[in-house]
Amino acid sequence: MTDLVIRPLVAEEGPLFESLPEAGLVGPASPGHTYDALVAAGEYRPEWTWVALREGTVVARAAWRGGTASDVPFVLDVLDFTDFDAAVQLLRTAPVRTEYTLVLPPDWRDVPAAKEAADARIAAATAAGLRFLVERHRYRWTPDHGLPTRPGRLRFRPEPDDEIFLAAFRRVHEGTLDAHARRATDESGLDAAAREDLDIMLDMPSPRSWWRLAFTGGGELAGLSIPGRNQRDPVIGYIGVLPEQRGHGYAYDLLVEATHLLVAEGADRIAAATDTTNRPMAAAFARAGYPITEHRIDFV
């Protein structure tokens with residue numbers, strides 16, 4: 001077998017990256033998701049994109065994505081290959097270390113070709129040393145699903161003080177069902193995990209004034225509702241219910257409020273996501289008219 005060459009791309013090598021034959025059954029492939037388009041948008045960079053070649057032919061490729069203002073990528077979102085061992089070696093060789101998000105169709109387990117493609121990537125990621133974290137659903141609301149009616153049980157108000165929101169994040173993280181928040185808390189502690197989520201929300205290019213704290217009729221803090229916008233879509237940035245307020249279905253109220261705010265700001269679509277194991281949040285999305293559009297598996 002010929003020697004394997006593993007290296008990052010250089011500028012103008014988008015056609016080389018795209019030369020790997022790929023059916024597009026899994027991963028974020030779409031008409032607007034070309035390598036050159038995402039380089040132009042600042043989300044992919046040549047130094048974050050690695051290929052494995054045999055005799056000049058790409059047999060494995062990996063692309064990490066970052067924010068337009070970031071010096072480091074935050075997720076591996078493309079892993080394709082025709083050579084399993086080359087893919088494993090590429091992941092071990094590339095110096096980039098982030099989570100890997102495997103994007104799948106909602107029914108991937110029921111479509112043999114999609115399941116085969118997914119299983120191959122899961123095996124390669126695992127062989128390279130990545131560890132399964134959680135499965136997630138991604139949702140996409142559009143006006144044809146109807147604007148859910150506000151329940152009217154909570155009172156919402158903006159709060160400009162980041163430290164007050166930080167305290168709310170800290171409370172929400174206690175006993176959370178979110179796998180990423182639990183992992184961050186286990187590794188870094190409650191304060192650091194809350195600060196991490198606050199910083200992620202602050203990094204969104206949407207107005208900070210959209211954030212809301214929610215209170216019961218008796219004036220008790222019930223949770224927080226953070227609608228936002230990323231580089232592509234209006235999004236449900238964060239929904240969180242305080243531990244003592246759980247069990248009342250308030251996640252739905254918080255989601256509906258965020259939906260109304262985004263629609264009032266002109267949104268004609270809203271993206272969102274939650275862990276498949278977070279049943280209360282999944283139930284809120286279903287009730288509010290958010291259909292599942294993608295299944296995702298996160299590795300760390």
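This is a short tour of selected places in one predicted model.

Before you start, note that residues are numbered from 1 along each chain as its sequence is written. Because the model is predicted, local features need pLDDT of at least 70, side-chain atom pairs count only at pLDDT 80 or more, totals for chains, interfaces and linings use all residues, and side-chain values use heavy atoms, with hydrogens and water left out.

**Stop 1: the largest core**

Select Ala 60, Trp 64, Leu 90, Leu 91, Tyr 100, Leu 102 and Leu 104. These have the most contacts inside the largest nonpolar core, which has 31 residues. A nonpolar core is a set of buried Ala, Val, Leu, Ile, Met, Phe, Trp, Tyr and Cys residues joined through side-chain atoms within 4.5 Å. Buried means under 20% relative accessible area, exposed over 50%, and partly exposed in between (1.4 Å probe, protein chains only).

Now colour the elements that each supply at least two residues of this core, including strand 3 (57-65), helix 3 (84-93) and strand 12 (292-299). Helices (H or I, at least four residues) and strands (E, at least two) are DSSP runs, numbered from the N terminus.

Zoom in on Trp 64. Leaving aside neighbours within four places in sequence, its contacts (heavy atoms within 4.5 Å) include Trp 48, Trp 50, Pro 73 and Leu 90.

**Stop 2: two helices**

Show helix 6 (residues 179-188) and helix 7 (residues 190-202). They pack at an angle of about 135 degrees, with axes 7 Å apart. Axes are lines fitted to C-alpha atoms, for helices over the stretch in contact, and angles run from 0 to 180 degrees between N-to-C directions. The two helices are therefore oblique to each other: angles under 35 degrees count as roughly parallel, over 145 as roughly antiparallel, 65 to 115 as roughly perpendicular and the rest as oblique.

Which residues of helix 6 meet helix 7? Pick Ala 181, Ala 184, Thr 185 and Ser 188. Their partners in helix 7 are Leu 190, Ala 192, Ala 193, Glu 196 and Asp 197.

**Stop 3: loop residues**

Go to Glu 12, in the loop between strand 1 (4-8) and helix 1 (14-18). Its phi is near 70 degrees, a positive value in a residue other than glycine. Most residues other than glycine have a negative phi. Glu 12 counts as exposed because its relative accessibility is 76%.

Next, pick Glu 55, between strand 2 and strand 3. Its phi is near 50 degrees, again positive.
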